[in-house]
Amino acid sequence: LPVAKIVNYPLEKRDYKPFVQARLCISEQSVWVRMWAFEALPSETSTLMVNLNLFPELSDKYLSMSASYGGLLLNEVCGEQHIPMAEYLVLPRVKSFQSEDLQGIYWGIVFELPRTLLTKVYGSSELAPGKLVKGNLYKVDKSDCSEHYGCFYNVDFLDKNAYTDKYFGDFELVAY
């Protein structure tokens, strides 16, 4: 996917809206999600999250992956129930990184989802340019000193279902 930018912080009354970018890449073996947040001093609870349904035409299940700056990880398959990915006996690989460039200081996460997981969850792993997938991207921090709630597609964060497919939008796969 082209780079997606999280700049929507619907509850923010101050001017603290960390700039976040995300990118999805598909290889023959894996689906990769890379997210990075421009925060000079992130709190331990600063979190990047992606929820994706790669086969909305086959299932209402979606993959939910999040990681905080402090190292807390959550990987599950959501639908009628939440099932840890470990129950599918295939886990995503996760790598964190930190750096800085001309845009500023940033930290981020890379999730690598093996296609074997997609086959177990959806019964298919065939992804091609032009295909629409559904999902949303989030940047959240619930700590008192830096609380903020950001999203790619509009979300009502006061809704108890804020992180569900109710707030998903379309992402089109493209070939470069």
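This is a predicted model: local features need pLDDT of at least 70, side-chain atom pairs count only at pLDDT 80 or more; totals for chains, interfaces and linings use all residues.
The protein contains 1 helix and 12 strands, arranged along the sequence as β-β-β-β-β-β-β-β-β-α-β-β-β. Its radius of gyration is 16 Å, close to the 16 Å that the globule rule gives for 176 residues, so the protein is as compact as a globular protein of that length.

**Overall dimensions and surface**

- Taken along the principal axes, the box filled by the C-alpha atoms is roughly 45 × 35 × 30 Å.
- Of the 176 residues in the protein, 51% are buried.
- The accessible surface amounts to about 9,400 Å², and carbon and sulfur atoms account for 53% of it.
- Among contacts between residues at least 6 apart in sequence, 55% link residues at least 24 apart.

**Nonpolar cores**

- The largest nonpolar core comprises 36 residues, and those with the most contacts inside it are Met35, Val50, Leu54, Leu63, Leu118 and Leu137.
- At least two residues of this core come from each of strands E1 (4–6), E2 (19–26), E3 (30–38), E4 (47–53), E5 (62–68), E9 (104–114) and E10 (132–141), and likewise from helix H1 (115–122).
- A second, separate core has 12 residues, including Met49, Tyr138, Val155 and Phe157.
- Leu54, one of the residues with the most contacts inside the largest core, touches Val31, Leu63, Leu118, Tyr122, Leu127, Lys131 and Val133 when residues up to four places away in sequence are not counted.

- Ala37 belongs to strand E3 and is buried, with a relative accessibility of 0%.
- Apart from neighbours within four places in sequence, Ala37 is in contact with Phe19, Val20, Leu48, Ile105, Tyr106, Trp107 and Lys139.
- One of these partners, Leu48, is 11 residues from Ala37 along the chain, and their C-alpha atoms are separated by 7.9 Å.
- Ile109 is located in strand E9; its relative accessible area of 3% places Ile109 among buried residues, because the limit for that class is under 20%.
- Residues up to four places away in sequence aside, Ile109 touches Val33, Arg34, Met35, Leu48, Ala67, Val94, Lys95, Ser96 and Phe97.
- The C-alpha atoms of Ile109 and Val94 are 6.9 Å apart, and 15 residues separate the pair along the chain.

- Phe168 sits in the loop between strand E11 (148–151) and strand E12 (169–172), yet Phe168 is buried, with a relative accessible area of 15%.
- The contacts of Phe168, not counting residues up to four places away in sequence, are with Asn51, Tyr62, Lys134, Gly135, Asn136, Tyr138 and Tyr153.
- Gly135 lies 33 residues from Phe168 along the chain, and the C-alpha atoms of the two are separated by 4.6 Å.
- Among the residues touched by Phe168 is Tyr138, which is included in the second core.
- Leu89 occupies the loop between strand E7 (82–84) and strand E8 (93–101) and is exposed, with a relative accessible area of 73%.
- Most residues other than glycine have a negative phi.
- In Leu89, by contrast, phi is positive, near 65°.

Note on methods:
Residues are numbered from 1 along each chain as its sequence is written. Side-chain values use heavy atoms; hydrogens and water are left out. A nonpolar core is a set of buried Ala, Val, Leu, Ile, Met, Phe, Trp, Tyr and Cys residues joined through side-chain atoms within 4.5 Å. Buried means under 20% relative accessible area, exposed over 50%, partly exposed in between (1.4 Å probe, protein chains only). Helices (H or I, at least four residues) and strands (E, at least two) are DSSP runs, numbered from the N terminus. Contact means heavy atoms within 4.5 Å. The radius of gyration is taken over C-alpha atoms; the globule rule is 2.2 Å times the number of residues to the power 0.38. Accessible areas come from the Shrake-Rupley method with a 1.4 Å probe; for residues, only the protein chains shown count as cover.
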